Amino acid sequence: MSHKPFRFSLQSFNTDSPQSWRNLIAKTEDLGYSSFFLADHFLSTGPALDSTGHPPQMLGATPAIAMALEQTSTLRVGCRVFCNDYRHPITLIKEAATLDYLSEGRYEFGLGAGWIKNEYKAVDLAFDEFPERFSRFTETVEAYKAFMSGEPMEIDGESLRWSGFHGTPSPAQRPHPPIMIGGGSKKILTYAGQHADIVSLNFNNRSGTIGAEGMGSGMAEATARKIKWIKDGAGDRFTDIEIEIGAYTTILTDQPEATAGAIGEALGMSADDIMQHPHCLIGSVDFICDELVRRREQYGISYVAVMDDGSNNMVEAFAPVVARMSGK
């Protein structure tokens, strides 16, 4: 089985000043990361977010993406991933085409069906059951591809009805900027296998919170099932898809077993569970590089995102792995 070369991204949640954020983007590009991602959440600190386990999101995704693209020349930039329900699809899609056009092809478009119920509730946005959210999401994916084609819009769906105009501007990347679909359920990952260029493996976040249940849904055996769902959806096109994952717990340390043991104890898991957890990278640079190769052999994962919360200096800590493995 052939594998795609490794790519690495940095995902940013917070910053303490505009200048430190600009510095982070510059370092991300200079240190050889492939891409820089925002998330798409609008809740900051407060009781609405406290029970979700999710870090606060400081910056609005689209303007931050635009400024990051303007500041850089080689870095790919995008959102991991936009929530389909947070804005009208025509606005989201036209902005995507514009960002790719103006950046001359450095935009990556990520989309998900939405999952943090408390975030919807905090702004009085209806949080429908998953089948309804999923249906709207699939219509947006189809509308995205139709808009990017430049052909006349003739969409007559359940939630989207567009006609009488062409999609403009034409994006630099053809047929469209690569679409990343993220999720953790069978339904969305099978669909991603059918329609995505990049599939982002995530927890099954049906509970609307991050915690032990979510971590359990991302363990090694569960991840293998997710890859099967993607393959079932993709068929012959599976080898064309990039498999991406968030390494949400990334710790460079010379005491990996003790570190993993402490994390596992808090989650009701063993140290071995954490060391082999596809969303965790814990150990030395040598160990992490070897583990990335092993996971690519096992799951096909070649695109890895590490998280920067504004205080952990992950961009520099993880840079030796990026330097050694990018493009390999």
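Modeller: Let us begin with handedness: a crossing is left-handed if the near helix is turned anticlockwise from the far one by less than a right angle, and right-handed if it is turned clockwise. Please keep in mind throughout that this is a predicted model.

Biologist: With that convention in hand, what is the handedness of the crossing in which helix 4 passes helix 6?

Modeller: Helix 4 passes helix 6 in a right-handed crossing. In general, two packed helices are described by the angle between their axes and the distance between the axes. For helix 4 (residues 89-102) and helix 6, the angle is about 45° and the axes are 10 Å apart, which makes helix 4 oblique to helix 6.

Biologist: Which residues of helix 4 and helix 6 meet, and how does their contact divide by class?

Modeller: From helix 4 come Pro-89, Ile-90, Ile-93, Lys-94, Ala-96 and Ala-97, and these meet Thr-140, Ala-143, Tyr-144, Phe-147 and Met-148 of helix 6. By class, the contact of helix 4 with helix 6 holds nine nonpolar residues, one polar residue and one charged residue.

Biologist: How should I read helix 1 and helix 3, and at what angle do their axes cross?

Modeller: The axes of helix 1 (residues 18-30) and helix 3 (residues 61-71) cross at roughly 55° and come within 10 Å, and the two helices are therefore oblique to each other. The crossing in which helix 1 passes helix 3 is right-handed. On the side of helix 1, the contact is made by Trp-21, Arg-22, Ile-25 and Ala-26, which meet Ala-64, Met-67, Ala-68 and Gln-71 in helix 3. Six nonpolar residues, one polar residue and one charged residue make up this contact of helix 1 with helix 3.

Biologist: Within what distance do the axes of helix 7 and helix 9 come, and which residues make the contact?

Modeller: The axes of helix 7 (residues 186-195) and helix 9 (residues 220-234) come within 6 Å and cross at roughly 45°, so helix 7 is oblique to helix 9. Their crossing is right-handed, and the contact is made by Lys-186, Leu-189, Thr-190, Gly-193 and Gln-194 of helix 7 together with Lys-226, Trp-229, Ile-230, Gly-233 and Ala-234 of helix 9. Counted by class, the contact of helix 7 with helix 9 has four nonpolar, four polar and two charged residues.

Biologist: What is the volume of the second largest pocket, and which element gives the largest share of its lining?

Modeller: The second largest pocket has a volume of about 210 Å³. Of the 14 residues that line this pocket, Ser-20, Leu-24, Asp-308, Gly-310 and Asn-313 are the closest to its centre. Helix 1 gives the largest share of the lining, five residues, and the lining as a whole divides into three nonpolar, eight polar and three charged residues.

Biologist: Finally, which peptide bonds are cis, and where does Asp-124, with its positive phi, lie?

Modeller: As a general rule, most residues other than glycine have a negative phi, and most peptide bonds are trans. In this model the peptide bond from Thr-168 to Pro-169 is cis, with omega near 0°, and a cis peptide bond also joins Arg-174 and Pro-175, where omega is about 5°. Pro-169 lies in the loop between strand 7 (161-166) and strand 8 (179-183), and Pro-175 is likewise placed in the loop between strand 7 and strand 8. Asp-124, a residue other than glycine, has a positive phi near 60°, and its place is in the loop between helix 5 (117-122) and helix 6 (130-149).

Key: Residues are numbered from 1 along each chain as its sequence is written. This is a predicted model: local features need pLDDT of at least 70, side-chain atom pairs count only at pLDDT 80 or more; totals for chains, interfaces and linings use all residues. Side-chain values use heavy atoms; hydrogens and water are left out. Axes are lines fitted to C-alpha atoms, for helices over the stretch in contact, and angles run from 0 to 180 degrees between N-to-C directions. Helices (H or I, at least four residues) and strands (E, at least two) are DSSP runs, numbered from the N terminus. Angles under 35 degrees count as roughly parallel, over 145 as roughly antiparallel, 65 to 115 as roughly perpendicular and the rest as oblique. Contact means heavy atoms within 4.5 Å. Ala, Val, Leu, Ile, Met, Phe, Trp, Tyr, Cys and Pro count as nonpolar, Asp, Glu, Lys and Arg as charged, and the others, Gly among them, as polar. On a 1 Å grid over the protein atoms alone, a cavity is a set of points where a 1.4 Å probe fits but cannot get out, and a pocket is an open set with protein on both sides within 12 Å along at least five of seven lines; lining residues have an atom within 4 Å of a point. Grid points are joined across faces, edges and corners, and a volume is the space filled by probe spheres set on the points.
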